[in-house]
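Trainee: I am new to this structure and would be grateful for a close look at a single part of it. Please take the helix and its surroundings.

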Amino acid sequence: ISACPYCAGNQAERPIGFFPVGCYGVARRWATGETYPVEELACIAKGDQHCLVRIGRAPAAA
């Protein structure tokens, strides 16, 4: 996310893009009926150039 409105203008030591991460997770669950791991790897608030979210290829283990 090159211009993340949730992280831009903030400072943090850890990723803070909870809303986009949650949206991607819920959208994937809605589309497939499975829960997939979703995590933010890079965050503008941490000083990274952009926010980067990884969505797992396989459903999370129960």
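Mentor: In this predicted model, let us begin with a charge over a ring: Arg-28 lies over the face of Tyr-36, at 4.0 Å from the ring centre. Three residues of H1 are buried, namely Pro-20, Val-21 and Gly-25. Viewed down the axis of H1, these buried residues fall within an arc of 135 degrees, so they line one face of the helix. The cover over them includes strand E1 (38–42) and strand E2 (52–55). After H1 comes Gly-33, whose phi is positive, near 80 degrees.

The helix also takes part in the one aromatic pair that the structure holds. Tyr-6 and Phe-19 form this pair, with 5.1 Å from centre to centre and 45 degrees between the planes, which is a tilted arrangement. Tyr-6 belongs to the segment before H1 and Phe-19 to helix H1, so the pair ties together parts that are 13 residues apart in sequence. Tyr-6 counts as partly exposed because its relative accessibility is 41%, a value between the limits of 20% for buried and 50% for exposed.

A further feature to examine is the largest nonpolar core, which consists of five residues: Cys-4, Cys-7, Cys-43, Ala-45 and Cys-51. Among the residues that Cys-7 touches beyond four places away in sequence are Ile-16, Gly-17, Cys-43, Ala-45 and Cys-51.

Notes:
Residues numbered from 1 in each chain as written. Predicted model: local features only at pLDDT ≥ 70, side-chain atom pairs only at ≥ 80, totals over all residues. Heavy atoms only, no water. Core = buried A, V, L, I, M, F, W, Y, C linked by side-chain atoms within 4.5 Å. Buried < 20%, exposed > 50% of the residue type's maximum accessible area, 1.4 Å probe, protein only. Contact = heavy atoms within 4.5 Å. Helix = DSSP H or I, 4+ residues; strand = E, 2+ residues; numbered from the N terminus. Arc of directions from axis to C-beta. Phe/Tyr/Trp six-rings, centres within 6.5 Å; stacked < 30°, edge-to-face > 60°. Lys NZ or Arg CZ within 6 Å of the ring centre and 35° of its normal.
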